[in-house]
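User: Could you walk me through this protein, one question at a time? I'm new to reading structures.
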Amino acid sequence: MAQVTLNALRKVYPNGFEAVKPASFTIEEGEFVVLVGPSGCGKSTMLRMIAGLEEITEGDLHIGDRVVNTVDPADRDIAMVFQNYALYPHMTVRKNIGYGLKNRKIAKDVINQKVEEAANLLNLNDYLDRKPSQLSGGQRQRVAMGRAIVRDPSLFLFDEPLSNLDAKLRNQMRIEIKALQRRLGVTSVYVTHDQVEAMTMADRIIVMNGGEIEQIGTPSEVYHSPASTFVASFMGAPPMNLLDVSRENGAVMVGGQQVAEFTGSGSVTLGVRPEDILPDANGSFEINVTLIEELGAHRILHAVWAGQPIMISVTKDVAAETGPLRVAIKPDALKYFDPQTGRRL
Amino acid sequence: MKRIKFETIVDHSILILGSLIMILPVVMLLQMASTTDLETMRNGPGLVFGDQIPINFEKAMFEASGFSGENTGLSMLYNSLILGFGFAIGKIVIGMMAAYAIVYFRLKFATMAFWIIFTTLLLPLEVRILPSYEIVQKLGMLNTYQGLIIPLIASATATFFFRQFFRSVPEELIEAARIDGAGPIKFFIDILVPLSRTMIAAMFIIMFVYGWNQYLWPTMITTDEGMFTLVRGIKQITQTLEGTNLPEYGKSNILQIIAILPPVLIVIFFQSWFVKGLTESDK
C-alpha cells in the first residue's frame, strides 16, 4: 500500500501533442481513484505514466516515498490489469498468474501457494490448468486480476478492464473488483470512460477532458456540484440540463419568467439535474413534453422549455404524457456556469 | 443433384489427373529401381515390377561411388540432412532475432535496416555467387558444413514473415510482460518464441526444403566427395559410371527416391501447422 503523488506531471508526445497538461494530485493509501473522461482525454496516458509504460515529460511521480520517474515498470511495485486482459495465450492460467513471481526468482512452492490463494479468492481453482482461450471473458478478466493480486503490489492500475465484457457481466465484475479492492486495501487507480463505473466504484473521481483535469472529488461531489459544464454533461445519465439564460438585475430569467436570483447580469449557463425538476400541478413553470422514454423504474421526459431542450427524470409512479406540463424546480438544485469558460460560478 | 454429381466427377478427374502427373515419374523411378540395370537398359521403363529393390537399396546406401569411395548414399543423406536442418534452423533463428530487433527496439534506422534486408531478396545466390565463393574460400571454409550453411543463412523472407507476425502481437502483451518483470531476452524466449511456433513451423518447412534442394552452392563449395549432398551427388553417380560399364540405374533411382522423401515427410508432418502459421494467428 502506498500513497501516490503526482507533481505537475506532464506528457508531450514527440509530435508535439500535449496529451496530459501538468497535473497534480495525491492518492491516499488504500484509496480507489477513478480517472474518467471521453476517449482521447489523456486518462490512459496518465495511467501509463504511473505504470512506467509511458515516459514522463515533466514533473515528479512519487509512489510511496520514492520518486519513480525513471524506475522500470517491474520495479515500481505495481500491478496492472489491461483492457484486453493481455494474458499470455500459450501459458496455462497457473503460469499466467505466476509468471511475474517466477521472474522475481521466487521459490516454486511459494509461487504455487500464492497462485492457489489468488485462485481461491477469484474462484479460479477449477481452471488453473486451462489455457486462456478456453476461458470466458469474465474468467479471463479474473485471471488478469489474479496476475495482479499475486504480486502483492502497493498499487493496482486498471486500464478500462471491463469494457470488453457484456453489460451483465460488467456489472457483476464491477462489484467483484470493488469488493476485492476493499478487502485487500490496495491503493488503486482505475481508468474508464464509463461514468457509471466511475460513480459506483470510486472513492474519488478525477474527471479529465482534453488533457486537463476538470474536477477531483467524491462521486457525490462530482455529481451534485460539478465544477464545469463538461463535468455536468459528462457525469450522470441523462446528463445535467444546461440552459443559456439571461440575468437582469440579479434575476435569472427563462422565457421572460424569473427562475431564481443570482448576482450579476449578462448571460449565464444554468444547470439543473433532470431529477431536480418535478412535475407539480402548482409549479410555476410550464414546459412542453415532446417525447417520453420508458425505462421501467423511471421515465425520461424530453421537453422544450422556452425554446430550449430539457430532460426531466420522473419515477414510474408519475403519470406522464406529451403536451404541456407544469413543473417546479428545487431551488437549491440550480448551478450556474460561465458561458465562455464553462467554469462554475 | 445430377448436375452437382457431374461437376464432382469433373473436379475429381482433374485432381486425379494432376496427382497422376506428379506421381507417375516417382512410380517409374520405383519400377526401374526394382529391376536389374541390364533389364532397364534393354527395355527402358516398364510396367512390371522386379525384385531388385532390396539389393539396389543396399547398393545405394552403402556402396561408395566416385573416386575416393567416400560418398555412399548414407553419407550423402547425412550431409543433406545437416544442410537442410542447418539451413532451416539457422534462418529461423537469425530471421527471428533480426525481426525482433526491428520491431521491438527503438532503433534509429530500424525501418531502413529492414528495407535493406528486404532488398536482398533481389540479390539471390546466383547473382553474388563469385564474391560469396571468394569469401568462403578465403575463410578456409571450402568443404565444410559451415561453408555450406553460413553464407546462405541470412534470410530476408524469414525476417519479413517474422516481422509481420511480431507486429500483430498485441502491444498490451509486451506491456504486461514488462510489468511482470520480463526483460528483452526473457520476453523473447518466454513469450514471443512460444507464440510464434506455428510461424516457426511454417518457416521450417519452407527453409528445409529450400536448403535440401540447394544444388548450385554445394556444387561450388564441395569438392571433397565425403561432403556431397544427395542432390549434388546423384548426378555424379550417373555421370561417372557412364562409359563402358552399365550405368547403375537401380542405384541412382533409389537415391533419387531417397532424395525426394525427407521434404515430403516434413511437409506431411508439418502440414497443419504450415497452413495455420501462414493464415491464422492464435492470440
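Analyst: Let's start with a definition: buried means under 20% relative accessible area, exposed means over 50%, and partly exposed is in between (1.4 Å probe, protein chains only). This is a predicted model, where local features need pLDDT of at least 70, side-chain atom pairs count only at pLDDT 80 or more, and totals for chains, interfaces and linings use all residues. Side-chain values use heavy atoms, with hydrogens and water left out; residues are numbered from 1 along each chain as its sequence is written, while chains are lettered from A and ligands numbered from 1 in the order in which they are written.

User: Is A:Glu286 buried, exposed or partly exposed?
Analyst: Take its relative accessibility, which is 46%. Buried needs under 20% and exposed needs over 50%. So A:Glu286 counts as partly exposed.

User: How far apart along helix α6 of chain B are B:Lys138 and B:Glu134?
Analyst: These two also form a salt bridge, with their closest N and O atoms 2.9 Å apart. B:Lys138 is exposed at 62%, whereas B:Glu134 is partly exposed at 40%. Because they sit 4 residues apart in the helix, the separation is about one helical turn.

User: Which residue of chain B joins a salt-bridge network with A:Lys11, A:Arg48 and A:Glu54?
Analyst: A:Lys11 and A:Glu54 form a salt bridge at 4.0 Å, N to O, linking strand β1 to the loop between α1 and β4 of chain A, 43 residues apart. Both A:Lys11 and A:Glu54 are buried. Salt bridges that share partners bring in A:Arg48 and, from chain B, B:Glu175.

User: Which element gives the largest share of the lining of the largest pocket?
Analyst: A pocket is found on a 1 Å grid over the protein atoms alone, as an open set of points where a 1.4 Å probe fits, with protein on both sides within 12 Å along at least five of seven lines; lining residues have an atom within 4 Å of a point. This one holds about 1000 Å³ of space, and among the residues closest to its centre are A:Leu53 and B:Tyr104. With 5 residues, the largest share comes from α9(B).

User: Which residues touch the most other members of the largest nonpolar core?
Analyst: A nonpolar core is a set of buried Ala, Val, Leu, Ile, Met, Phe, Trp, Tyr and Cys residues joined through side-chain atoms within 4.5 Å. In soluble globular proteins, nonpolar side chains tend to be buried together. B:Phe162 has contacts (heavy atoms within 4.5 Å) that include B:Ile92, B:Met96 and B:Met203. Of the 78 residues in the core, those touching the most other members are A:Leu157, B:Phe162 and B:Phe166.

Methods: Salt bridge = Lys/Arg side-chain N within 4 Å of Asp/Glu carboxyl O. Helix = DSSP H or I, 4+ residues; strand = E, 2+ residues; numbered from the N terminus. Points joined across faces, edges and corners; volume = space filled by probe spheres on them. Lists of a residue's contacts leave out its neighbours within four places in sequence.
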